[in-house]
Every structure is written in structure tokens, then in C-alpha cells.
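Dear colleague,

Please find the structure below, handed over for your own work.

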Amino acid sequence: MKILTIVLLALALAPAAMAQTAKKKHKTAPAPQAETKQAAKATKTNEEGPSGGVPGEPDIDGCGLGWQVTDSQSIIGAITRGTTNGTVPPSFGMTSGSLGCKKVPFTKRDQAGATYAVSNYDSLRIEMAEGQGEVLAAFARTLGCGDTAAFGRMTKKNYGTLLEGQSTPVRMFYKVKQQIQLDPALTASCAV
Amino acid sequence: MTIGAAAVLFALVSISLSMPTAARADAGVIDRAKLDALARSPYWLRLLHYKTGWLGHTRSLVDGPEFFFSKEGRTDARAELVATLAAFSKDLKVGRLKQLPQCAFPERYRYLKSELGPGVLGVLGIKDQACPQLEEFLASFNAKSATLVFSSAYPNSPGSMFGHTFLRINSNATEKNDLLDQGLSFAAAVPKSDGGLTFALKGMLGGYIGQFARVPYYAKVNEYLNSESRDLWEYDLNLNAEESQRLLLNAWELETNSWFDYFFFDENCAYVLLSLLEVAKPDWQLTDFSIYVIPGETVKAVTRIAGAVTGVKFRPSLRKKMYQRLDALDGRQRELFFKVIGGKMPPAEVGDAEVLESVASYLHYEKQKGDVDANNKNAPLLQATLLRRSQLGDVGPARRPLRPVLEDTRPDLGHDPYRVGTSSGVRGSGFFQELNFKFAFHDLLNKDQGYLRFSEIDFPGATVRFLPKSGVWNIEQVQGLALTSLFPMTFLERRPSWKFNLDYYSPKDLPCTTCQLGRVQAGAGATAEIFSPNYIVYALGLLDFEVGSAVRKGFRWGPQLQVATILNPWPDYKMQCAATLISDLLQADRRKLYTLFEWNHSLALSKDWEIRAGFSAISPANSLMGSPIDSKEGKLTLNFYF
């Protein structure tokens with residue numbers, strides 16, 4: 001009975017599953033490359049351009065943001081990254097999209113904020129321009145900022161500076177940190 | 001006399017009493033009755049994920065042998081208890097992390113310690129050990145409570161109506177932001193090379209292993225709300241910090257030592273998460289499902305427990321939020337919106353923040369489709385739009401009120417999946433009675449609350465008809481699978497609607513009353529809203545192929561054209577009116593073309609009771625036949641969902 005049901009349901013679900021997988025593929029495949037190209041370009045500009053980098057910004061070595069984005073981290077995370085490969089398909093328990101880059105030397109303190117910026121870049125930019133929102137408030141938290149409203153006003157006011165040119169999430173993150181330090185009230189409310 | 005000495009004395013006495021029957025010398029210090037009681041205790045069985053199957057045999061659902069210290073551990077909970085106690089006293093390295101047994105199985109350790117007392121453990125040579133990796137894992141959650149999260153279907157994909165569930169572990173942070181909590185999900189580990197059919201078949205037959213993953217909740221929100229345009233429903237559970245921690249500890253035991261084979265239909269994300277909740281809450285009974293487990297049904301299972309859910313929160317998809325913003329624009333603003341996205345007006349010249357926010361929302365939504373070329377093209381426009389938006393003030397109270405986002409996908413308010421029903425009707429001059437049953441799930445006439453609107457996915461089911469005059473029972477229909485997606489086109493999105501149907505049915509255009517044909521139909525078309533999202537009109541072109549001895553040559557085929565409307569003026573009531581032009585190309589002795597008219601009503605009386613009235617007629621068929629068939633039919637149906 002159970003087997004019969006499973007077979008019937010199998011027939012039933014196949015097209016749906018196919019549609020989903022197709023969609024997933026479509027979604028995940030091209031994105032990292034595009035981002036990488038963009039980021040690589042940005043880094044290059046940064047090296048050659050007169051404006052220079054942002055204080056504290058690590059050398060991303062042209063790898064772009066792909067390095068940090070993890071679709072999903074195994075529950076045991078980094079601890080087992082080397083050891084689980086034998087038993088676990090490579091799409092899990094590993095940093096996906098590392099694209100063979102060097103590990104980026106973030107300080108432990110910057111890790112949460114920078115990772116957050118990479119993962120939420122699209123939503124974050126919109127809310128930075130509007131000066132408010134849940135995604136932006138959480139970003140403020142990762143920087144230890146208690147006054148999220150003031151943080152939002154700052155990002156809106158300085159949007160042009162924070163995201164000028166071909167920005168990247170990591171660049172934006174360091175510029176936000178820099179901007180906080182220029183604002184005494186915000187510096188007091190944040191723990192950067 | 002110290003406690004330790006007392007324990008030793010107790011142990012010696014116990015050994016002398018229970019020696020002959022003790023399973024192992026190590027566990028012999030424990031009274032046999034106590035050991036038996038522990039091995040049978042519901043909590044111990046839950047920690048081992050023992051389930052009683054269809055044939056009455058009890059075994060653990062955990063598939064990795066390293067989850068058990070005893071060779072018989074998968075079927076013998078007592079042997080596993082004895083072996084676990086023995087292992088705790090040894091300097092072993094177990095599991096993927098090569099941990100000490102009590103670090104690999106911290107919840108078993110906690111439970112046994114609390115049941116047996118530290119004294120007995122001491123006699124057995126078991127000491128508390130430091131578990132740094134486990135501590136780090138627990139600290140990353142800082143668990144205070146837990147939330148069950150349900151994701152609704154993708155637009156235009158009825159197959160995804162089953163949804164997906166995962167947990168959010170709410171942290172104890174002082175100023176908490178949900179996005180920064182950790183999500184805990186259980187999913188099939190699918191190699192990137194497996195696509196399409198491989199994925200479906202392996203998933204069905206347990207070809208993948210299921211794994212837990214810890215993911216920041218913001219990443220989950222991005223994945224579902226933004227990338228996939230699905231709604232999220234958050235059910236805050238009545239779990240305290242200790243219970244949430246128990247859940248995490250058991251997940252740790254499972255993930256660092258073992259795995260479950262992943263089956264799409266029963267051992268899936270939803271089922272395994274419920275098993276974890278049963279560990280957190282020993283008095284909750286959640287995994288009594290049969291045949292299949294649908295994530296939405298597991299949400300219902302939780303909400304059925306009094307007091308289990310303390311709050312429900314809705315996060316609408318990016319798509320819904322985008323349309324919410326666009327809907328609020330007036331004619332002039334909408335004109336401006338199209339000028340900007342069409343590249344006819346630079347954002348820098350726009351002074352209307354609402355228009356700019358709508359443009360940004362639209363471009364954000366478009367970006368999720370992953371079209372690299374389009375995204376590279378749109379990137380400067382998005383950047384210019386956001387820069388301009390940042391220069392304008394807050395929209396503030398002048399903002400046009402946004403129409404509330406439709407909260408139509410909340411799963412626990414939806415009807416149940418199984419259906420049984422009875423009908424009475426008239427066909428020509430004869431009465432008939434019908435009985436129907438189906439396993440699942442949702443059709444076009446069902447109330448859409450909790451499901452994907454104007455979509456259908458129906459699984460195996462059957463309808464039989466009894467004709468009292470002749471005393472004949474007839475198979476009216478055996479449903480294999482029906483899938484329909486009616487996706488209303490908007491001024492921004494033009495996606496096709498489509499339909500697939502596989503069944504065995506009793507045709508009404510033939511002169512036989514008890515004959516059947518196997519049928520497969522597939523096709524596509526378009527759907528449009530008429531003035532309101534509650535009224536749609538659609539047209540579908542279908543190709544129909546039927547086999548059976550009731551038709552000449554044993555099969556027939558032909559294209560069909562269906563034009564129909566569905567009106568849903570109130571959530572509880574739906575009316576469908578359809579005309580289908582059917583061609584029967586192989587027909588030689590009567591007309592090749594005829595039309596099927598259908599007029600259906602459905603009224604939901606409550607969540608699970610429903611009345612339907614249907615009328616159908618075929619015309620002008622059969623005029624070349626000797627005896628015309630009376631093809632007019634009307635019936636009244638009462639359905640119950642369970």
C-alpha cells in the first residue's frame with residue numbers, strides 16, 4: 001500500500017521537482033560569476049585609482065564577494081570542513097562559492113558585519129537609501145550600534161559616499177565603519 | 001560515610017542482586033528494573049528516534065550506524081542503553097568530530113545522569129568531560145526559544161504547494177533582531193550535478209541523506225522571500241530556554257554522528273523537525289502521520305496542541321511587497337514609474353520618493369531572476385534610483401496608504417488534505433449517487449486559504465457512481481495527477497498558465513454508460529485578472545490523448561480549447577464557468593467537434609466542510625448518431641476534508 005502510494009506520488013511530483021531544480025540551477029549558477037567580475041573590477045579600480053582603499057579593508061585579491069557567501073553551513077560548520085568531505089556531498093558543510101580564493105583576513109570583530117553585508121547587499125542598499133528597515137536595523141546590530149534610527153539617518157545622508165562607483169559589499173562595510181567613526185554621536189552608540 | 005562510599009556499597013549490593021540478569025557487567029550496578037524502565041521510557045525512545053511502523057515493528061529512523069553504540073541499537077533500546085552507559089566510561093573518539101561519547105551524545109548523557117544520579121555514574125567510572133566544540137555550537141545559538149517557520153509555494157508552481165519548514169532558534173540577546181538569529185533546517189544533501197528526474201526519483205526512494213544545517217535566519221529570509229518569492233509564516237513555539245537547548249543537543253547528536261535517509265514523502269524536513277520538537281517537549285505527540293507528511297500539515301499538527309503556538313508572524317514575499325507598492329501609485333506616478341524603468345527619464349529628475357521606492361523594489365525583484373545580462377544592464381539604473389531616493393526626504397505621513405498584503409498562504413487555516421464526499425445528481429431522466437475519495441490535495445474549486453491561489457495539485461483519488469434504476473456501479477473517475485497553474489499576467493510579468501491531467505474516466509460523449517478511457521491532457525495558455533485579483537478569466541490550449549476499447553481504433557486524440565472564468569467574490573465562495581471546444585479527430589461516424597459546458601459552484605461551510613453544485617452539458621454532439629445521448633447533468637456534492 002505504502003509502496004503503491006509512493007510510486008503514484010512519485011509520478012505526481014516529478015514535474016514539480018524538475019521545475020524546482022531547474023529554477024534553483026538557474027538561480028545559483030550565473031550569479032557568483034557576475035558578482036565576481038564586478039568585484040574584481042572594483043578591486044582593480046581601487047588599486048589603481050587615486051582615491052585608494054578604505055582603512056581596514058582587507059585585500060580581497062580580486063576574488064570578490066563569492067568567497068564569503070555560504071548557502072548553508074553544516075551544523076558543525078568550519079570545525080569539520082576538512083573532515084566531512086568524505087561522507088557529505090560537497091554542496092554541504094563547505095563554503096560554497098569560495099572560487100579558490102585566499103581566505104580574507106577579517107578581524108573577528110568584523111566577521112559578523114562583513115558577512116551580513118555580503119549576504120544582504122541588495123536589500124541593504126535599498127534600506128540604506130530609505131534610511132530605515134529591518135534589514136538595516138540588523139546590520140546596525142552587527143556593528144554593535146544601539147541607536148538604529150540614527151544609524152539609518154547616517155546611511156541615508158551619506159548614501160552617495162558609502163556606495164559610490166562600483167561598490168562591493170565589503171567596501172561598503174568598511175566605508176560604513178569609517179563613517180561611524182566620523183560621527184561622534186554614532187561612535188558612542190556603536191561598538192566598532 | 002561519604003556519598004561515594006555509599007554509592008559503591010549500593011552498587012555492590014546491586015551487582016550481587018542483579019548479576020545473573022544484567023546484560024553487561026558495566027551496567028550491572030544499576031538495578032535491573034530501573035534499567036528496564038529507563039530503556040522503555042518514552043524520552044529514551046524519543047532520543048533514539050524509535051518509531052513503530054505500519055507492520056507494528058519498532059525501530060529507529062536514524063540510518064547511520066554510528067548513532068548506536070550497540071549493534072542491535074537500531075531495534076533494541078535496552079541494548080543501546082547498556083552500550084551507551086558502557087561507552088560513557090571509555091576514552092573513545094566517536095562520530096564525525098571524533099568526540100568523547102558524552103560530547104557526541106550530550107542529551108543522552110544529561111538524561112541518564114539526571115535519571116541515575118551522579119553517584120551511580122561515578123561508580124560506572126563516568127566523569128563529566130569538557131566539550132569545547134559543543135559549547136561553541138550552543139553559544140552560537142544562545143537559545144531562548146524556538147519558532148517553526150513555514151515557506152509557502154513559489155508563484156506559478158503548484159508542485160511547491162507542500163511548502164517547506166525549518167526552525168528559528170531565538171537568541172537571548174537583549175535587543176533582539178530576528179534576522180540575526182540562527183535557523184536550523186533539515187534538508188536533503190543534493191549534489192549539484194543531480195538535476196531534474198534524478199533528483200525527483202532519488203528523493204522519492206530515499207537516495208539522499210538528510211542533513212541538518214545551521215544558517216543565519218537572514219540568509220533563509222533572503223532565500224525564500226527574495227530569491228524565490230515565497231511567503232514565510234513564523235509560528236512562535238512555547239519552548240523555554242532549556243527545552244530549546246534539548247532540541248539543539250539532540251540535533252547535535254544526530255548531525256555529528258549520523259544521518260537520516262531523506263524521503264520526500266515521509267522522512268522529510270517536516271517530519272524530522274517534529275521529531276526534534278518531540279524531544280524538546282516530551283508531552284507533545286506530533287509524528288503520528290500516515291502515508292505522507294506535508295510540511296503544511298505538520299504546522300497544523302503543532303497548532304492543534306493547545307498552547308503550543310504563542311504567536312504567528314507573516315513575512316510577505318518580495319513579489320507581494322513589490323506589487324503592494326505598485327498598487328499604491330496613482331496614474332501619474334505609474335506613468336513616471338514606467339518612464340524610469342523604460343530608461344526614458346533619469347531617476348535624478350524624479351522628485352517623488354514613492355515612485356523611486358517602487359522602481360527600486362521592482363529592480364530588486366527583477367534581479368532575483370538571475371539573468372546576468374539584464375542585471376548588468378539594470379545595475380546603473382538601480383544605483384541612480386537609490387542615490388536619488390537617499391537625497392529626498394522621508395515620505396512620512398504623506399505616504400499613500402498601502403493596501404494590506406494578502407495573507408492568503410497561512411497554512412494552518414487551510415483545509416485538510418484528504419477528501420471524502422458524496423453526491424446526488426440527475427443525468428437525463430435518471431438519478432445517480434456518487435462517492436469520492438482522494439489522498440490530496442487542492443483543486444481549483446477549493447477555498448484557496450493556505451494554498452497557492454488559482455492552482456491545483458490533485459493526487460490519486462477515485463469517484464464511483466451508482467445508478468439506482470439499473471443497479472449498476474460505475475467508475476466515474478480515477479485520478480492519477482492533476483496540476484493546474486493559473487498565473488494572472490500583470491503589466492510587469494507575462495508568464496504562461498498551464499495544465500496537466502492524467503486520469504481514467506467515464507466519457508460522457510459516448511453512447512455507453514459504463515465505459516472508461518485513460519486520458520492524458522497537457523497544455524498552456526494565459527490568465528488575466530478582471531478588475532480585481534478575485535476574478536480571473538483564462539484560456540488554455542490542450543492536447544488530449546485517450547485510450548480504451550470504448551473508442552474505435554482503441555484510442556483517440558485531438559486539440560482542445562478551454563475558455564473559462566473563476567469568480568471568487570468572497571473567500572468562501574467560488575464560481576467557475578468553462579466552455580471547452582473538443583475535437584475528436586479520428587471520429588468517423590459522428591461530429592468531430594463538440595463543446596463541453598461546465599458551471600460549478602463551491603461554498604466552504606467551515607475549514608473542512610464544503611458544498612458544491614455542478615452542471616454540465618455537451619452540445620451539439622452526436623447528431624450523426626442513431627440515438628442521441630442525453631448529456632445534461634447536474635449534481636450536488638458534500639465534501640469533508642480530513
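This is a predicted model: local features need pLDDT of at least 70, side-chain atom pairs count only at pLDDT 80 or more; totals for chains, interfaces and linings use all residues.

Helix H10 (residues 217-227) of chain B is mostly covered, as nine of its eleven residues are buried. Here buried means under 20% relative accessible area, exposed over 50%, and partly exposed in between, with a 1.4 Å probe and protein chains only. Helices (H or I, at least four residues) and strands (E, at least two) are DSSP runs, numbered from the N terminus. The buried residues of H10(B) include B:Tyr217, B:Tyr218, B:Tyr224 and B:Leu225. After H10(B) comes B:Ser229, whose phi is positive, near 50°.

Residues are numbered from 1 along each chain as its sequence is written, chains are lettered from A and ligands numbered from 1 in the order in which they are written, and side-chain values use heavy atoms, with hydrogens and water left out.

Chain B overall

Chain B holds 17 helices and 24 strands, and 58% of its 642 residues count as buried. Its accessible surface comes to about 26500 Å², of which 60% belongs to carbon and sulfur atoms; such areas come from the Shrake-Rupley method with a 1.4 Å probe, and for residues only the protein chains shown count as cover. Among contacts in chain B with a separation of 6 or more, 65% are between residues 24 or more positions apart, a contact being heavy atoms within 4.5 Å.

Strand S6 of chain B

Strand S6 (residues 208-216) of chain B is largely enclosed by the rest of the structure, because nine of its nine residues are buried. In a regular strand the side chains alternate between the two faces of the sheet. Accordingly listed, B:Tyr208, B:Gly210, B:Phe212, B:Arg214 and B:Pro216 point one way from S6(B), and B:Ile209, B:Gln211, B:Ala213 and B:Val215 the other way. Strand S5 (residues 182-188) of chain B runs antiparallel to S6(B), joined by seven bridges, and strand S8 (residues 260-262) of chain B is also antiparallel to S6(B), with three bridges. Two strands pair if DSSP finds at least two bridges between them. B:Gly210 stands opposite B:Ala188 and opposite B:Phe260 in S8(B).

Disulfides

Three disulfides are counted over all chains, a disulfide being a pair of cysteine sulfur atoms within 2.5 Å.

- A:Cys145 and A:Cys190 have sulfur atoms 1.9 Å apart. Their S-S torsion is about 110°, so the disulfide is right-handed. Both cysteines are buried.
- B:Cys103 and B:Cys131 have sulfur atoms 2.0 Å apart, and with -80° about the S-S bond their link is left-handed. B:Cys103 is buried at 4% relative accessibility, as is B:Cys131 at 10%.
- B:Cys512 is joined to B:Cys515, S to S 1.7 Å. The torsion of about 45° makes this disulfide right-handed. B:Cys512 is partly exposed at 28%, whereas B:Cys515 is buried at 10%.

With bonded cysteines counted along the chain, the disulfides of chain B follow the pattern 1-2, 3-4.

Yours sincerely
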